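Please work through the exercises below with the sequence and the 3D structure at hand, and try each task before reading its solution.

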Amino acid sequence: MALFMQANMWRQFVIFGLFGLAICEEVCHKDSKEGEQCEGSNKIHQSAVKMVKIAEDVLMPEIGYGTWKVVGDEPIYKVLEAALDSGYRLIDTAVVYSNHRSIAKALKTLLPERKLSRKDIFITTKIPTVTSVRNPEEEPNLRDCKNGVKKMLSELEVEYI
């Protein structure tokens, strides 16, 4: 048992160590309009996260920021602010997290402040099964996937996910 726990802790250490390495490596961000922004407090960081090709001319970050258990406008704003400033460009959410509207509100402010647009980030979400929602007639779920996706797009105030 002790050997299993040590092996499991080692795996966790390696995973967290690799994850930390991926998000800590910083590179200077170059903006074609304003030149290189790497001086003092104006330093803009992007993480050196690997990208995966998911379609022609579409690269998606392999690592994203999950918003599970983060609800409310102010907490969402703070975590997304930190995530974007740390270089995250993939935000993950789900219907059952109940934070789509807060994410939309935060990104409406945060993206322009960081000279980012919707095209610069990925938003991933999940549509739940019928039994996973409190009110299947009103909340997005797999019973009516098409309308569920439309509602998620509306809540996130985006045209695509």
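Predicted model: local features only at pLDDT ≥ 70, side-chain atom pairs only at ≥ 80, totals over all residues.

Residues are numbered from 1 along each chain as its sequence is written, and side-chain values use heavy atoms, with hydrogens and water left out.

**Exercise 1.** Find how many helices and strands the chain has, and in what order its elements run.

Solution. Begin with the count, which gives four helices and nine strands, where helices are DSSP runs of H or I with at least four residues and strands are runs of E with at least two, numbered from the N terminus. Then follow the chain from the N terminus, along which the elements run α-β-β-β-β-β-β-β-α-β-α-β-α. Finally, consider burial: of the 161 residues in the chain, 30% are buried, a word that stands for under 20% relative accessible area, with over 50% being exposed and partly exposed in between (1.4 Å probe, protein chains only).

**Exercise 2.** Describe how helix α2 and helix α3 are placed against each other.

Solution. First compare the axes, which are lines fitted to C-alpha atoms over the stretch in contact, with angles from 0 to 180 degrees between N-to-C directions: those of α2 (residues 73-85) and α3 (residues 100-113) come within 9 Å and cross at roughly 40°. The two helices are therefore oblique to each other, since angles under 35 degrees count as roughly parallel, over 145 as roughly antiparallel, 65 to 115 as roughly perpendicular and the rest as oblique. Next, list the residues in contact (heavy atoms within 4.5 Å), which include I76, L80 and L84 of α2 and I103, L107 and L110 of α3.

**Exercise 3.** Identify the residues with the most contacts inside the largest nonpolar core.

Solution. Start from the meaning of such a core, a set of buried Ala, Val, Leu, Ile, Met, Phe, Trp, Tyr and Cys residues joined through side-chain atoms within 4.5 Å. The largest one has 17 residues, and L80, L84 and L107 have the most contacts inside it. Two or more residues each come from α2, α3 and α4 (145-156), and α3 gives the largest share, five residues. Now take L107, which touches L80, L84, P112, I121 and I123 when residues up to four places away in sequence are not counted.

**Exercise 4.** Decide whether Y88 is buried or exposed.

Solution. Locate Y88 in the loop between α2 and β8 (90-92). Its relative accessibility is 9%, so Y88 counts as buried. Lastly, the C-alpha atoms of Y88 and I121 are 8.3 Å apart, although 33 residues separate them along the chain.
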